[in-house]
Amino acid sequence: MKIPLVYNIRSLARRPVSNAMTALGVAFVVGVFIATLALANGFRMALVKTGSPDNVVVLRKGADSELASGISRDHAAIIGALPEIATASDGAPLVSPEVFVPMDIASASGGGAQLVVTRGVTTRAFEVRRSVHITAGRMFAPGRDEVIIGAAIAPRLAHSAVGDTIHFGGRGWLVTGHFAAGGSAFESEVWGQNEQLMPVLRGEFFQVVVFRLRDRSRFGAVQQKLQNDPRLQVDARRESDFYASQSVVLRTILNFLAIFITSIMAVGAIFGAVNTMYAAVASRTSEIAVLLTLGFRPRSVLASFLAEAAFLALVGGLVGCLVALPINGIVTSTTNWSSFSMIAFQFLVTPRILVEGLIFSLVMGVLGGFFPARRAARMPVVEAIR
Amino acid sequence: MALVELENLTKAFSRDSQPIVVFDGLNLEFAEGSFTALMGPSGSGKSTLLNLIAGLDRPTAGTVRVAGAEVSAMSPGALADWRARHVGFVFQSYNLLPVLTAYQNVELPLLLTRLSAAERREHVATALSVVGLSDRAEHLPRQLSGGQEQRAAIARAIVSDPTIILLDEPTGQLDAKSAADVLALLQRLNAEFHKTILMVTHDPHAAQAARTLLHLDKGVLTA
Amino acid sequence: MKFFPLVWANLTRHKRRTALTTLSVALALFLFASLRSVVTTLRATGEVGSETRMIVQSAKAIVFFLPMSYRERLLAVPGVQAASWANWFGGVYQDPKNFFAQFAVDPESYLDVYAGDYDMPADQRAAFIRERTGCIVGKSLLDKFGWHLGQNVTLTGTIFEGDWPVTIRGVFRSLDPVFSEDAMLVHYDMVYERYPTWVRPGWYVLQLKNPALAPQVAAAIDSEFKNSSDPTKTGSERAFNASFVTMWGNVSFLMDSIGMAVVFAILLVAANSMMLSARERTNEVGVLKTVGFGDRLLFGLVMAEAGGIAAAGAVLGLGAATVLWPAIHFSAMGFLPGFRVTPGTLALGLGIAVLLAVASGLLPALSAARLSAVQALRHVE
C-alpha cells in the first residue's frame, strides 16, 4: 500500500469521539457475536464430548432418544454377547446396559423442581465411558440407595452435597460423591446402580445398551447384525453420532439466534461506519486532491480509505473480543428437548471464535468503508482543488 | 525544443448546459530553466492552464507537450505516474496533510518511487535544507506558520527532482514577510538549481519575482 | 410546525446519512421488539389454562405414567366434576422436521373437559369418537400440511413403536390458546390396544366444580397417593404450562442482555450521525442566530431532527416486527406459539426510541443553543 497507514491512523485520531463511537458500535456487534457463538459452542462441545466414535449406542427400534427406548434384560444379554465388543483387562466385555429416566429433583434455590437425567449403571460403565471419573467423595456402593452427582448439575440441585440425602422417585438417596466427565452432558446427570434404580424408575428393563468396539471400523457390520437380528428390535448408532443428533434442536435454535441477531446488528454497525467514513472523506477532499495530484493512483486512495475503515473496525473488534472474553466459563443451563432434561454447560470462547470475531469486524469495516473509499478515489481532482 | 509546448490549446466546459470557452487555439512555449508568472483576472483560466500542463485536466482540443511527452493524450493511469515523476505542484492552501509531519509530507512523492528508506531520507533532508526547514522536520502543519507551510509544500514539490514546478497562487494566503521569503526561495531554485517554474498569481508583487510575465485575459495571452 | 420545512431541509441535506441512520434505528428496534417477544411469548404460553382445570401428573417426573385405576379415585375426590386423561404421543410425520404436538386422549371425556375452548361440528366430533383410528387436527395444522377431512396420515412412533395410520375425522378451530390448533388428537385406546402391558395415562385432566376448591383438591389427591408406587403432583393447568416455560432456563436474561447491547450499539450510530451533522452545520447556526433565531429555538430544531429520525426508525422497525412475525406464522417449530409483538413491547420500543432521540440529540442541541453567532461564523471545518 503506497499511502502510508500512519496517515489513516492519525486521521482517525482527529475525530476521536465520532470514530470511537463507530468503533464501539462494531465492538458491541462483535461482543454479541462472540457471546452467542460461545453459547452454541459450549452446548455443542458438551454433547460432542459425550460421545465416542469407538462406542455403539443401542436403543429400541424407532426410539429417537434414550428417553423413549426400552430394552429387556434378555435382549441386553444378547447384545452383550457380540464378539465385536472389546474386552476389559479382566476379560469381561466392555458393555454397559443402562437405565435412563429424567426425574423431578428439587432445585437448589428453592425454585421448584427440574428434570434431571438419572442414569443407572454398573461399574463397567466407567470403563466404557472413559472420560468419567470421581472428583469428590466415592463411588456408590452396590446394593445401597446411593448415587453420585455430575459436577455441572450438582450446584443447581438441593441436597446435592457429598453426604446429603437427595430425593427423587419417592425415595431418599445418599449422595456419596460427585463426578466429572470431560465437560460432557454426563456431568448434568445423576448416576446410581442399575439394580437399585430399576424398581423405582421404569421397571425391569433398560433404556440403552452401550458397548465399545474392538475395532472402530467394524461398526457397519455390527449395526447390520443388530438391526437384522430377528430376536431384537433395535437401532444401533455410533455414540458420537447419536449424541450429535441429540443436540440438533437446541443447536439449530442457538445458531439461528446467533446468525439472526448478529447480522441485523452488523448491518446497523456497517451503516454507522458508512456515515463516519463518508463524513471523513467529505472533510478531507483537499487532502485527497493533494494525493491525487502528487501522482498517487485512485486505487491507492481507495485502498487507503478502505484500510482506514478496516483499521477502525478492527479496533472495535478487539474491544469486542476483550469485553466478551470474561463470558468464558460462565455456566448456564437449559433443557435439551431430546432428553427432556436439564443440561448445564459453559459459555466456551475459543481462539477460533475470537479470530472469527475479528475477521467479522474487518468485513464490517470493509463493507462500510467501500463506498466512501470509492467516492474518495473517484474524486475529480480539478473540482477539489478549485 | 522548449520544455513545455502548448499547441492550439482549447478548453471549454459547460456549466448548467451553458458552454464556457476558457481559451481557444492557444499557443505557448516555456523554455527549460524559465521562471514565468502568469497573471490575469479571476476566471481568466490561468489555473485551468496550470491544470492542463500538470495533466490534471484534459483539453477540449489541441496538445500539451512536456519534455517531449504528449500529456494531453495520456491515460489517467499514465498521467498519475507521469505527474509523480515530472511535476511538482504547490496549491494556494491545504497543501500539507495535517496529520503528517513536515518530513512525512515532503516524503510523500518518494513513496511512489523505488527508492529505499535510506535514500528517501537523504532526498527529504536535502529538500528541507534547501527551503530552510531542517529544524522543523518533525513538526505538524498546525505547528508551522503559513510561510513555513508553503515552504514545506515547495520542498515536497522539488524532492523528486521534477521536470517542472507549478504553483497556483502560492503567496495568496501569506503575509508580506512570508510571501517575500517564499518568492526568494523560488528565485533561488530557479537561479541556482535551474528549476523550470510556472507560477500563477494575481499579486503583481509576486509576479515581479519571476523572470517572464504573461497575462491571460478572456483567453488571450499577452506578454 | 412552521419550522418543519427547516427541520426537513436539514434531514434531507444528507439524504443518505439520514436514511442509513433511520434504517439503523429501525433495525435495532425491530431486533429489540423481536427479542422481547420471545420473552413475552414464552411467558404467555405459561399463562395459558383455565382456573377450573387441574392436571394430575406423576410426582416422579412427567415422563412417568399413572395407573388407569386412578380415574375412579380422582372422580371420587370432593370438588372434582369430571376427569379425563391424555398422553404425549410424540410421533414423527414423515420427517422429524415436520414436528407438531400429538396427544393420545380419551376422546369423549377429553373433548368434554375442554368444551368451549374449541369449535368443531358435532358430526365430526361424533365421527372421531366412533372410530378408534380416527384423529382430529386443528385448522392451521391442516392448512400447513395441505391435508383434508378424511385424509389418511401415518405417524411413526418414537415412544410407542411402529407405524400408526390414522384418518382425519374432524377439524377444529381453537377458541382459547390452551387448545392449540397446531395439534393432533388420537385415541388413547388405539395405543393401549397395541401395547396393553405398559401403556397407561400420561396425565389426568380434572374439571373442578369451583376454582376456589383447587388447593384442597390438590392436597387431597397428592396425599392420597403419596405413599403409593405412583405418587402424584397435582396443580392448576396454568402451573402445569408454566413449568414448561421454566425449562428453557434463563432465556429472559439472555434476550434482555442482547436487547440492551443492540440498543446501545444503535444509540452510538444515531448519536454519531447527529454529531457529524452538527459539526457541519456550525456556520449555518451562526447565520440563523444572526438572523434572530433564539437559542431555545435552535435547541428545539436539533432535537426535532433527532426525534424525526428516531420516530421514523421506530415506525419502520416496530411496525415491521409487528407485521412480519404473524404474517409468516412464525412459531419456532411450535416452541413459540402465537409469536407476536405485544402492546407492552411496543410501548417499551417507543420508550427506547424517545431515549434514543434524547441521547443522540442532546449534546448537539445544547452546543447549537450555546454557540455564539460570531464564533460560528468564524469557524472553518
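Reader: Are A:Arg119 and A:Glu98 buried or exposed?

Author: A residue counts as buried under 20% relative accessible area, as exposed over 50%, and as partly exposed in between, with a 1.4 Å probe and protein chains only. In this predicted model, A:Arg119 is buried, and A:Glu98 is buried as well.

Reader: What should I keep in mind about the numbering and the values?

Author: Residues are numbered from 1 along each chain as its sequence is written, while chains are lettered from A and ligands numbered from 1 in the order in which they are written. Because the model is predicted, local features need pLDDT of at least 70 and side-chain atom pairs count only at pLDDT 80 or more, whereas totals for chains, interfaces and linings use all residues; side-chain values use heavy atoms, with hydrogens and water left out.

Reader: Which residue forms a salt bridge with A:Arg119?

Author: Side chains of opposite charge can pair when their charged atoms come close. The rule used here asks for a side-chain nitrogen of Lys or Arg within 4 Å of a carboxyl oxygen of Asp or Glu. A:Arg119 pairs in this way with A:Glu98, and their closest N and O atoms are 2.6 Å apart. The pair links distant parts of the chain, since A:Arg119 belongs to strand S4 (residues 113-121) of chain A and A:Glu98 to strand S3 of chain A, 21 residues apart. Helices (H or I, at least four residues) and strands (E, at least two) are DSSP runs, numbered from the N terminus. Both residues also belong to a network of salt bridges whose other members are A:Glu66, A:Arg129, A:Glu189 and A:Glu239.

Reader: How far apart are the closest N and O atoms of A:Glu239 and A:Arg129?

Author: In the salt bridge of A:Glu239 with A:Arg129 these atoms are 2.4 Å apart. A:Glu239 lies in helix H7 (residues 239-246) of chain A, and A:Arg129 in the loop between helix H4 (125-128) and strand S5 (133-137) of chain A, 110 residues apart. A:Glu239 counts as buried because its relative accessibility is 1%, and A:Arg129 is buried with a relative accessible area of 3%.

Reader: What joins C:Arg17 and C:Glu280?

Author: Their side chains meet in a salt bridge, at 3.0 Å from N to O. C:Arg17 lies in helix H2 (residues 15-45) of chain C and C:Glu280 in helix H10 (residues 251-280) of chain C, so the pair ties together parts that are 263 residues apart in sequence. C:Arg17 counts as buried at 6% relative accessibility, whereas C:Glu280, with a relative accessible area of 31%, is partly exposed.

Reader: How much area do chain A and chain C bury between them?

Author: The size of an interface is often given as the accessible area lost when the parts come together. Buried area here is the accessible area (1.4 Å probe) that two parts lose on being put together, summed over both. Chain A and chain C bury about 4200 Å², with 71% of it on carbon and sulfur atoms. A:Met21, A:Asn275 and A:Trp337 supply 15% of the area that chain A buries against chain C, more than any other three residues. With contact taken as heavy atoms within 4.5 Å, 53 residues of chain A and 48 residues of chain C take part.

Reader: How many salt bridges cross the interface of chain A and chain C?

Author: The rule finds two salt bridges there; C:Glu161 forms one with A:Arg60, where the closest N and O atoms are 3.5 Å apart.
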